[in-house]
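Below are my notes on the model, point by point. Please read them with the structure open.

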Amino acid sequence: MNELATPPVPGIGLTARYPEIDTGPVDTAIYHEPAAYAKEMEAIFKRSWFMVGRTEQIARAGDFFTYTLPTFRQEILVCRDRDGHVNAFHNVCTHRGNVVEHRKEGHSQGLFMCRFHGWAFDLKGGLARIRDEEGFFGVDKSCNGLKRMPVGVWQGFIWVCPSDEPYQSLEDFLGEQGRDTAGYPWGACTQSYQFEVEVDCNWKLVNDSPAEVYHIPVLHPNSAAPTMMASGNIMGRLLGTEIKGHHRTNSHYSVMGEPKPVQKLAYFHAAAAQNVAVDDKGYELPKGINPTRSPWWTVDLIQFFPTIGFTLSAGMYTAHQVWPLGPNKSLYQQRVFVRPAKTAAERFGQENTMVEFRDVVMEDFSTLERIQRALDTGQIKQFHYHDHELALRHQHHVVTTILAEWDREQASAQG
Amino acid sequence: MTTLPPDFADLERFVPDWVHADAPARMAKRQGSTIADIKAFYQAMLPRGEAVLACLRGHQLGDLPAEVETLLRLMLMLAEVAPAVEWYDDPAVYDGFPVGRICYTRLISDTGAQA
């Protein structure tokens with residue numbers, strides 16, 4: 001009990017556990033140079049998988065949703081067929097290239113009909129019907145179905161790969177990080193809010209934003225700091241950073257401080273999703289979540305390189321997704337997943353959580369466009385990372401390593 | 001004619017301005033209000049919070065009487081304005097990214113049953 005009453009303040013020494021990662025200042029070129037961005041597109045993004053939704057969104061055969069992949073500007077159509085399989089297609093009619101299904105989501109009786117000339121495709125993408133077919137010159141329906149896009153499902157999340165031949169399988173892409181975090185009740189948080197915003201900054205800066213808590217006492221003095229710095233952790237240090245290949249996890253130390261008045265109402269009178277307190281839902285967390293098994297754990301940031309991370313506690317999680325739009329432009333999406341509310345009081349608890357997350361991220365994002373301007377104007381050419389900014393240093397290390405390897409591949413291909 | 005359950009008649013004066021249909025509308029209301037107006041609402045609501053939630057605990061989503069729905073929407077507005085009062089002393093996130101640039105793409109119904 002005494003041990004629990006006086007939590008240890010996390011020390012330094014995270015970076016030293018990964019000797020392959022340098023400790024010096026890093027060059028900021030990859031945060032703004034168009035040439036670096038162009039290389040990242042080939043060497044990183046076209047070789048990655050991207051989360052586009054949850055299987056619950058297409059629970060029944062015929063259910064579908066559409067989406068335009070922001071980074072690639074590709075139209076996609078995701079549906080469930082009568083065998084229960086999740087399919088993803090390029091949402092492009094093979095007649096003349098119009099979008100086949102224009103609705104955002106819905107239910108199909110079995111055919112997706114292009115609203116241009118009426119060509120119709122079935123739930124497996126097959127070209128089922130050509131209107132006034134006799135006027136064509138022998139179009140072979142069997143080989144003019146919707147073009148499939150590589151698709152996979154992990155823990156109920158639907159992922160697609162923008163390349164026809166994936167560089168690696170979804171399973172290999174998710175790797176140890178995926179294996180170690182499977183088993184969390186991802187599907188229990190059936191309710192979600194989502195917002196998006198375009199930010200004039202490089203995609204890596206968006207990832208950096210929640211990936212260190214060195215800033216917590218300064219940038220979040222009234223919101224996050226009172227819990228994350230409680231009981232002597234005045235520098236806001238992490239419990240740990242675990243690196244797994246290209247992916248990484250930050251574990252956050254936190255002690256329940258004195259909640260603010262409306263937080264108190266939400267936490268104690270409206271039992272619902274909480275973003276600070278650990279609850280006991282009667283399951284064992286998988287080993288990749290709270291990896292240090294600290295009693296002072298509240299939240300992990302589980303990052304899947306390059307573009308999605310989950311801020312995850314025992315009872316809820318938030319997906320942070322960034323879609324690169326250029327060397328200094330990104331689309332950020334935040335989707336807060338919470339457990340279903342039964343009563344009207346619990347609905348208030350959900351709203352409190354959503355507003356808190358949104359406003360804390362708005363605090364974080366105050367820095368992004370300012371940093372990007374300093375990068376674009378050459379006013380900063382190096383970043384200095386603290387030991388507890390290891391996640392940022394690791395991202396820099398991974399990107400520069402991949403780009404160097406890409407250069408070698410290109411050189412040997414030419415040479 | 002009251003729009004709230006009888007026990008909460010004292011909050012009736014806030015209904016015209018502070019009950020909104022969804023989260024984007026609540027966010028816009030906070031951003032478009034003065035901090036003085038927000039505080040007046042917050043300070044009247046906060047001491048009634050426990051009683052309001054005790055009432056709301058007795059009602060299942062998907063089956064809310066109209067006056068309970070209105071009471072819930074007042075509480076959802078309280079959640080929206082809480083950081084303005086408790087964290088920033090300003091409707092906006094202090095020194096923050098302009099929240100008006102965000103766009104909601106997926107909402108949880110205020111009143112519908114959840115599964």
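1. A residue counts as buried if 20 or more other C-beta atoms lie within 10 Å of its own, as exposed if 12 or fewer do, and as partly exposed in between, with C-beta atoms placed from the backbone. Helices (H or I, at least four residues) and strands (E, at least two) are DSSP runs numbered from the N terminus. This is a predicted model, in which local features need pLDDT of at least 70 and side-chain atom pairs count only at pLDDT 80 or more, while totals for chains, interfaces and linings use all residues. Residues are numbered from 1 along each chain as its sequence is written, and chains are lettered from A and ligands numbered from 1 in the order in which they are written.

2. In H10(A), the buried residues are Leu390(A), Ala391(A), Leu392(A), Arg393(A), His394(A), Gln395(A), His396(A) and Val399(A). They pack against strands S1, S13, S14 and S15 and helices H2 and H4 of chain A; contact here requires C-beta atoms, placed from the backbone, within 7 Å.

3. The axes of H2(A) and H10(A) come within 10 Å and cross at roughly 80°. That makes H2(A) roughly perpendicular to H10(A) (65 to 115 degrees; under 35 is roughly parallel, over 145 roughly antiparallel, the rest oblique). Axes are lines fitted to C-alpha atoms, for helices over the stretch in contact, and angles run from 0 to 180 degrees between N-to-C directions. Ala36(A), Lys39(A), Glu40(A), Glu42(A) and Ala43(A) of H2(A) meet Val399(A), Ile402(A), Leu403(A) and Trp406(A) of H10(A).

4. An open sheet of eight strands runs in the order S13(A)-S14(A)-S15(A)-S16(A)-S17(A)-S18(A)-S12(A)-S1(B), with antiparallel pairing; strands pair if DSSP finds at least two bridges between them. S13 of chain A and S1 of chain B stand at the edges with a single partner strand each, so one side of each has no neighbour in the sheet. Neighbouring strands are turned by 15° against each other on average, direction ignored.

5. S13(A) and S14(A) pair over six bridges in the antiparallel sense, and Lys244(A) stands opposite His247(A) in S14(A). Helix H3 (residues 170–181) of chain A packs on the sheet, touching S13, S14 and S15 of chain A, and its direction makes about 145° with that of S15(A).

6. Where do the two chains join in this sheet? S12(A) and S1(B) pair in the antiparallel sense over three bridges, and Glu196(A) stands opposite Cys103(B) in S1(B).

Terms used. Two residues are in contact if their C-beta atoms, placed from the backbone, lie within 7 Å.
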